Amino acid sequence: MAAATTTLYSWVLAEFATPDALVSATRQMREKGFEGMDTYSPYPLHGGSEALGLPPSRVPFIALGGGLTGLATALAMQTWMNTIDYPLNIGGRPLMSLPAWVPITFELSVLFAAFGIFFGLLALSRLPQPYHPVFESDAFRSASTHGYWLSVPHATGQDATTVMDQLKALGATQVTVVTGEKE
Amino acid sequence: MSPPVTTARLSDLGRYTATPKLMVPAFGLGALGLLATLAGYFTGATGQAAHSYLIAFAYWLGISVAFLIMVAIFHTAKAKWLIVLRRTMETGAASVVIFIPLFVVLLLMTKDLYPWWPGSPLAAHITGLEAEHLSHKQHGYLNPTFFYIRQAIYFAVWAFVAWRLRSWSLKQDETGELDLTVKQRRFSPGSLPFLALTITFASFDWLMSLTPLWQSTIFGVYYFAGSFLAAFCILTLTTVNATGANLYGSVVKLDHFHNLGKLMLAFTAFWAYIAFSQFLLVWIANIPEEAPWYGLRIFGSWRPLSIALFFLHFVLPFFTLLSRNLKLQPRKLAVVAVYILVIHAVDLYWLVWPALTGTEGPTFHWTLVTAFIGVGGISVGFALMQARNRFTLPVKDPYIAESLRYVQP
């Protein structure tokens, strides 16, 4: 907790009036060479990830892994229970009857894939995140109701006027700089 | 995502005129195929030709009715993204009328298909309890008079709904009246229960009654699921190849193909879900009336095909279509569409052919090919004829602009 080792980070925050303005500003800022930007909107933003130039999501592979784990777990569990642990003759069916195990296998595959998606997404997004310096900005609260925001990382202590002017030229309705400690 | 393929503008698109190049060969091949099949039927290969013809008829008609249900569902959901593709679906749906003459050909063969048909040579196979059950319990439904009445109802419903929806849509091309959209959206949900019941009972009549004692209430959904999937494949193929002058392919975006790929994936899974649901209930109940239908298919000579169908109709296309990259490449998606269309034909073969060969197992007969080409050629040729001198997309639909700039969420 020594103050000397604390690194401060800064962001320029810009609010836009419409989702389209945000997406187009994001794309133009990226074309100018800005990196590490992020967009914030009250609902999923069409074209947002493309404008940010994000790489393809890794969530599908986590989901596939989860699904296959569920499949293997269900098959192993039922095989062990019904043929080894507690063999039970039901209507003369063979002890190991694959068709009867499909419903459980299907459900468990779906469940594990859903877990994979849910927790994988949380982990990849580093959520939950109880504190972030941008929360210090009161105006930024509109990001959860009606505002469309863009954050541009900025070197702490340096003059941000040029960045702010560029964002205003792209249609930002308000621009501020926040500085703080990450996480 | 890569930029959309859109290059043309809506106003550049006129009426589609250049059909004969495709239409004439389609009709020609179709006529040849039908004649060859009929020749086979009258020169000894009676059973094979009849069953081949039934497979081909059920295959192509199923796609046409699936298009009809698709149009009605999308209107009911007030979907906008697919409007650029809707004319193709409407054309496919309106082609259902060509199946009326094609059905008359099938009526020639009923005796050789259905053991319950009076005077059927197949009736000899049904003896003892089976015959008794058949005559007492099923006669009220499975008799020629009621059969004819039902067929008339099916085709009347399909032809009427298809004509209604398409003629409103075509009229809108001329007038651009907004009221026509309201009419389509109001008529479609009302028509859906009728479409669902007719396709279900049609599948009972044509396919399930090949083995009269075999009863499965989900059978109609099984037939529909495969047909719906095949219809999405035809839609994808048509859209990929609609690249000439005045064709709507030039304004379709990659996002539309992405959606078609997703729908193909969804209905691959849906088919498997329904197929397994039907199988599990019969297998677990193990009732003497129902079990033999599956017994024939999952044991003995049909077993390899049944197992292959699970992998080739579900596992392979499912995992192939999971790829997002693939769905964003229309050409590759079209290859998968062709594959699914082939495997859907194998699925219908698997439904129908065991009624002919029994424990002898899968066999091949040349009428399978000629009947498939015959019915396919005639129906595709008829669909192309319907598309002639029309716009290939609903140019004055109030939502066409929204459909053209559709972005994948």
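**Close-up views of a predicted model**

**View 1. The interface of chain A and chain B.** On the side of chain A that touches chain B, helix H4 (residues 98-124) of chain A gives the most, with five residues. Sorted by class, that side of chain A has six nonpolar, two polar and two charged residues. The count of salt bridges between chain A and chain B is also zero. Together the two chains bury about 830 Å², and 81% of this is on carbon and sulfur atoms. Ten residues from chain A and eleven residues from chain B take part in the contact.

**View 2. Helices H1 and H2 of chain B.** Helix H1 (residues 20-42) and helix H2 (residues 46-76) of chain B pack at an angle of about 145 degrees, and their axes are 7 Å apart. H1(B) brings Leu34(B), Thr37(B), Gly40(B) and Tyr41(B) to the contact, while H2(B) brings Thr46(B), Ala49(B), Ala50(B) and Tyr53(B). Five of these residues are nonpolar, three are polar and none is charged.

**View 3. A network of salt bridges in chain B.** Side chains of opposite charge can pair when their charged atoms come close. Here Arg86(B), Arg87(B), Glu90(B), Asp173(B) and Asp397(B) are linked in a network of salt bridges. Within it, Glu90(B) pairs with Arg86(B), with 2.8 Å between the closest N and O atoms. Both residues lie in helix H3 (residues 83-94) of chain B, four residues apart, which is about one turn of the helix. Glu90(B) and Arg86(B) are both buried. Arg86(B) also forms a salt bridge with Asp397(B), at 2.9 Å from N to O. This second pair links distant parts of the chain, 311 residues apart: Asp397(B) is in the loop between helix H16 (366-387) and helix H17 (400-404), and Arg86(B) is in helix H3. Asp397(B) is buried as well.

View 4. Thr181(B) is part of helix H8 (residues 179-206) of chain B. Thr181(B) counts as buried because its relative accessibility is 8%, below the limit of 20%. Apart from neighbours within four places in sequence, Thr181(B) is in contact with Gln172(B), Asp397(B), Pro398(B) and Tyr399(B).

**View 5. The salt bridge of Lys171(B) and Glu177(B).** The side chains of Lys171(B) and Glu177(B) form a salt bridge, at 4.0 Å from N to O. Lys171(B) has 42% relative accessibility, so it counts as partly exposed. Glu177(B), at 34%, counts as partly exposed too.

Definitions and conventions: Residues numbered from 1 in each chain as written. Chains lettered and ligands numbered in written order. Predicted model: local features only at pLDDT ≥ 70, side-chain atom pairs only at ≥ 80, totals over all residues. Heavy atoms only, no water. Contact = heavy atoms within 4.5 Å. Buried area = accessible area lost by both parts, 1.4 Å probe. Helix = DSSP H or I, 4+ residues; strand = E, 2+ residues; numbered from the N terminus. Nonpolar A, V, L, I, M, F, W, Y, C, P; charged D, E, K, R; others polar. Buried < 20%, exposed > 50% of the residue type's maximum accessible area, 1.4 Å probe, protein only. Axes fitted to C-alpha atoms, helices over the stretch in contact; angles between N-to-C directions.
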